Amino acid sequence: MAITDIKTFAHLTAADIETLGQELDSIRRSVELSRGARDARYIRRSIAAQRGLEVAGRAVLFGSRNRWAWLTGTVLLSVAKIIENMELGHNVSHGQWDWMNDPEIHSSSWEWDMTGPSSQWRRAHNYSHHTYTNVLGKDEDLGFGIMRMTRDEQWKPIHLMQPLANLLLATTFEWGIALHDLSIEKELADTPPRELMSQPNRDFARKISRQVAKDFLIYPALTGPAFKQTLKANALANLVRNLWAYAVIFCGHFPDGAEKFTIEQLENETSAEWYLRQMLGSANFKAGPAMAFMSGNLCYQIEHHLFPDLPSNRYPEIAARVRELCDKYDLPYTTGSLGKQYLLAFRTIHKLALPDRFLKATADNAPETSSERKFAGITLPSIGTGWDLTLPGAESTHWLRIDPETGKRRGLRSALHEAKVVLKEKARQEKELLREAKAALREKAKHEQEMLREATLALQERARHEQAALRRKAVRDKPFRFGRRRR
Amino acid sequence: MGSKRGGFSVRGVREWLEAPAASVAERGGRLNVLRGAVARVTTPLLPDDYLHLANPLWSARELRGRIVEVRKETADSATLVIKPGWGFDFKYQPGQYIGIGILVDGRWHWRSYSLTCPPNWTEPGHGGKRLISIAVKAMPEGFLSSHLVSGVPVGTVVRLAAPQGGFVLPYPPPEKVLFLTAGSGITPVMSMLRAMDRRELVTDVLHLHSARTADDVMFGAELRALHDRNPSFRSHLHLTGEHGKFALADLDSKFPDWRERHTWACGPAAMLDEIDDHWRDVGRSDRLHVERFEIERSAVGEGGTVTFGKSGRTTEVDGATSLLEAGESVGVRMPFGCRMGICQTCVVTVNSGYVRDLRNGDEHREGDKVQTCISAAAGDCTLDV
Ligand code: FES
């Protein structure tokens, strides 16, 4: 089962976690204090650039009967939609720019160019997802309600459809999100799910009709004879944006190493533990400045989850400091290339489509989820390191927090590493045992075969003897019979 | 034609067209049909969101203005002349104030200042455009007022909030008027005087103004000119640097008919309290109008009375109780989500007073939007919820 006790899992004491929390707080504070004109310029320019791209794209599409114009327009529009969604919509709605006190760039009023209403998304995402990040049963972004992303969740036959569900979610991502948010909104607002004219439903209907009308009716109609081409361009731009947003989100949450938690962990969780949960529950991917911008800086998903309301343009510098903390506390910092992170998520999606009996690992120690029990009872006789390699688990006690040789803190990262070494060693030993057992068996079999052969030989010998005896007997009896006949 | 056919009506279509721009309807005027129609295409934005990238004043989504002149009044005060953008209502009443938002270091700061100009005012040299003006006095601790008096360049774009306030002069003005002002309390009264002057309706007006020295008197020359044009207007200067505070008891000897006059008073809180008491004592409260300025302070208190504007409820809290809890304790429906400062669900505007961010001690004031789950009252405050 997923992590129930983050302290044990992280190999930190309550005091350690507390100081870690304070260090993160001070990062937050220093960024807050240094927010200023430079940051404001960043977001204003981003907005202006996005609007410029969009206007240009829409304008070029008026000539979309020409193939090149069509292509250019589609590309411009796709890029504009991606920026609008990732760097603007997502981040503004998180309140990252509320400090500017600008009513037009404010979380309470920003509306994005996606099907679902921003207000519903804000509740579902900013509240549910960011408060209960990766807590099973609380964070509905864990698989978006249609996929099994951890083996903590029970397998159902419907999960066999997972590869298909994944494809569908990726291509229609904005709709997936919109419906997902609508249901969470109804739940949070306590609206009867079947009441057709409820406020959430009405907001939803109004927003989607505007969005659909704009992209699939009004713009195409405005371009007149290029109706069909413009329609296609708009649809494609939406598709591109959907795929990209999907990929970014999946890379931030589902690669191996992004941990899951149980409700138990949530009980009495301190704010420092909350930080730690965000850190261990998210994953980054490596990106240069351009890709970072296009992902709304969500390639810094760990930093985003730690500080969802700090300006996105500051994530790179925050990331450097968070990495330092990870080194200091010997905590893992999950990252990798976009391709690698996605493949890991992809692997999980397809693996977990299968029932558990086809899966090898347990929910305590699997690539996509592990728990503090992963370390329990893993012991290895000293392999020349000079210290006892008992790893702390539920019941063990002697985890050395400081490496006696280097004087460095030994935390989760070392533990994960050593668990790997231990498990490998254990596997090696088991293999060795197996080989020995096999050899012994083979020997035994050989021996038995030998014995069998001997026994067979002995039997054959005996049979021969008996046959000979019989023959002799027969010879002895013969004259008597002949004699009688003669008579 | 306005005829109804098949359930459609011109009005219905018009409403449908305007719907996307409904939030700015009250200032958009006739342009709203167009704005609404174009918004079908620009949704979820408004056409204004694109237009103001070309010219910051081309937006009715938000009132804006451009500073066209900064005129020194005294050593520490200045008049700012502002050309408002689309949608500004020039039919305000003399004596009202406006909210003005200024960008400093990437952040918008809101303050309220009395308008000093008469309604529908134009000034030669500005192309016959209608303008507004405010007068700002630099406060020792007020970083924004100092910035406005000595640092704001002509051409700066500001945000504006519609004129408001009940400290106004009725039309026609009463036969006998008394203005009691001190310091920058003169600003709303200037607007009244200028409006009277422009409409050539200066009745019997007495003005008593207190300032520390003669150099501190704002609009001194203008007041003299006003008297020259309209002898029924008399201005008396009281210099507190020389004579100390004006004693209300002297009113009887100096202006024996003060009880008959309709009085407008504006100045420091202590002075207004005194005036309030004095007028009540003589049973003339019905003829007294006062305007209290929020004085810029940097040191504000801990806790206070929180008023929830829309529901009208109030509660007394300490400096550690979050505004969210404060509201919930008196049954106000406060929006909330995470209750830990990360989700922005609980954001509410501060209408007046001061609020402190409990996480880092940052102060917020009128016009700021705050997260109620991690903010507490820093003195009395009113929230827009
Ligand atoms: S309730 Fe989430 S920020 Fe206040």
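Predicted model: local features only at pLDDT ≥ 70, side-chain atom pairs only at ≥ 80, totals over all residues.
Okay, a definition to begin with: when I say buried I mean under 20% relative accessible area, exposed is over 50%, and partly exposed is in between, using a 1.4 Å probe and protein chains only. Residues are numbered from 1 along each chain as its sequence is written, chains are lettered from A and ligands numbered from 1 in the order in which they are written, and side-chain values use heavy atoms, with hydrogens and water left out.

Let's go to the interface. The size of an interface is often given as the accessible area lost when the parts come together. Here, chains A and B bury about 3,200 Å² between them, with 53% of it on carbon and sulfur atoms. That's the accessible area (1.4 Å probe) that the two parts lose on being put together, summed over both. On chain A's side, Arg51(A), Asn101(A) and Glu104(A) supply 22% of the area that chain A buries against chain B, more than any other three residues. In residue terms, 41 from chain A and 37 from chain B take part in the contact, contact being heavy atoms within 4.5 Å.

What about polar pairs across it? There are 18 residue pairs in polar contact between chain A and chain B, both residues at pLDDT 80 or more. A polar contact is a pair of N or O atoms within 3.5 Å; within protein, one must be able to donate a hydrogen and the other to accept it, and residues adjacent in sequence count only if both atoms are side-chain atoms. Salt bridges between chain A and chain B come to 4, a salt bridge being a side-chain nitrogen of Lys or Arg within 4 Å of a carboxyl oxygen of Asp or Glu. One to click on is Glu104(A) with Arg159(B), closest N and O atoms 3.1 Å apart. As for where chain A touches chain B, the elements giving two or more residues are α2 (14–34), α3 (37–60), α5 (118–131) and α8 (199–222) of chain A. Those element names follow DSSP runs, helices being H or I with at least four residues and strands E with at least two, numbered from the N terminus.

Over all chains, the structure holds 60 of them. Take Asp309(A) and Arg28(A), with closest N and O atoms 2.7 Å apart. This pair links distant parts of the chain: Asp309(A) sits in the loop between α13 (301–306) and α14 (315–328) of chain A, Arg28(A) is in helix α2 of chain A, and they are 281 residues apart. Buried or exposed, Asp309(A) and Arg28(A)? Both are buried.

Over in chain B, Glu302(B) and Arg356(B) meet in a salt bridge through their side chains, 3.3 Å from N to O. Glu302(B) lies in the loop between β12 (288–292) and β13 (304–308) of chain B and Arg356(B) in strand β15 (residues 347–357) of chain B, so the pair ties together parts 54 residues apart in sequence. Glu302(B) is exposed at 60% relative accessible area, while Arg356(B) counts as buried at 16%.

Next, Asp256(A), in the loop between α9 (227–253) and α10 (263–266) of chain A. Asp256(A) is buried, at 17% relative accessible area. Its side chain makes a polar contact with the side chain of Arg347(A), at 2.6 Å. Not counting residues up to four places away in sequence, Asp256(A) also touches others, including Thr334(A), Leu344(A) and Pro367(A).

Which bonds are cis? Thr43(B) and Pro44(B) are joined by a cis peptide bond, omega about 5°, and so are Tyr171(B) and Pro172(B), omega about -5°. Pro44(B) is in the loop between α3 and α4 (47–54) of chain B, and Pro172(B) in the loop between β7 (157–164) and β8 (176–182) of chain B. In chain A, His11(A) has a positive phi of about 60° although it's not a glycine, and His11(A) is buried at 3% relative accessible area. Asn134(A) has a positive phi near 60° too, again in a residue other than glycine, and counts as buried at 1%.
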